[in-house]
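Here is a friendly note to read alongside the model. Please keep the picture open and look up each residue as it comes along.

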Amino acid sequence: QQTLERAAAESQEIEARRESLAATLDQTELQRYENLRRAKSGLAVAKVERGLCQACRMALPTQQQQHLRGGRKTVLCSSCGRLLFLS
């Protein structure tokens, strides 16, 4: 019982922090993320390692890799459509 209560309290705290942070983001990008999260079973963002999307394991075209390295705009995987980030 106490474990469930602690988990519920922690979940509420995390949700409050998430809402606070979400309010600081560009709303268009946030909506894109939320749509992807629903469409991709909760996994909207994927790491890129050695030129591969770690969600679908497909190689990214060179141009996408260059845009990702530039860090100036949002880059989506050309295969699975997830938001990409470099580690």
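This is a predicted model: local features need pLDDT of at least 70, side-chain atom pairs count only at pLDDT 80 or more; totals for chains, interfaces and linings use all residues.

1. Residues are numbered from 1 along each chain as its sequence is written, and side-chain values use heavy atoms, with hydrogens and water left out.

2. Let us begin with the sheet. It is open, has 3 strands in the order β2-β1-β3, and its pairing is mixed. Strands here are DSSP runs of E of at least two residues, helices are runs of H or I of at least four, and both are numbered from the N terminus. Two strands pair if DSSP finds at least two bridges between them. β2 and β3 (83–86) stand at the edges with a single partner strand each, so one side of each has no neighbour in the sheet.

3. What does "mixed" look like in detail? In general, strands of a sheet pair through backbone hydrogen bonds, either parallel or antiparallel. β1 and β3 run parallel and are joined by 4 bridges; across this pair, Val45 stands opposite Leu83 and Lys47 opposite Phe85. β1 and β2 pair in the antiparallel sense over 2 bridges, and here Glu49 stands opposite Leu52.

4. Now follow the side chains along β1. Buried means under 20% relative accessible area, exposed means over 50%, and partly exposed lies in between (1.4 Å probe, protein chains only).

5. Gly51 is found in the loop between β1 (45–49) and β2 (52–53). Is Gly51 buried or exposed? With a relative accessible area of 13%, Gly51 is buried.

6. Which residues does Gly51 touch, leaving aside its neighbours within four places in sequence? Gly51 is in contact (heavy atoms within 4.5 Å) with Met58, Ala59, Leu60 and Gln65. Gln65 has its place in helix α3 (residues 62–70) and counts as buried at 19% relative accessibility. With the neighbours within four places in sequence again set aside, Gln65 is in contact with Gly51 and Leu60.

7. On to the charges. The whole structure holds 5 salt bridges, each being a side-chain nitrogen of Lys or Arg within 4 Å of a carboxyl oxygen of Asp or Glu. One of them joins the side chains of Glu49 and Lys47 (2.9 Å, N to O). Glu49 is partly exposed at 29% relative accessible area, and Lys47 is partly exposed at 29% too. Elsewhere, salt bridges that share partners join Arg18, Glu34 and Arg37 into one network.

8. Finally, look at helix α2 (residues 27–39), where Glu29 and Arg32 are 3 residues apart and so separated by about one helical turn. Their side chains meet in a salt bridge (3.9 Å, N to O); Glu29 is partly exposed at 31%, as is Arg32 at 35%. Glu34 and Arg37 are also 3 residues apart in helix α2 and form a salt bridge (3.3 Å, N to O). In this pair Glu34 is buried at 13%, whereas Arg37 is partly exposed at 33%.
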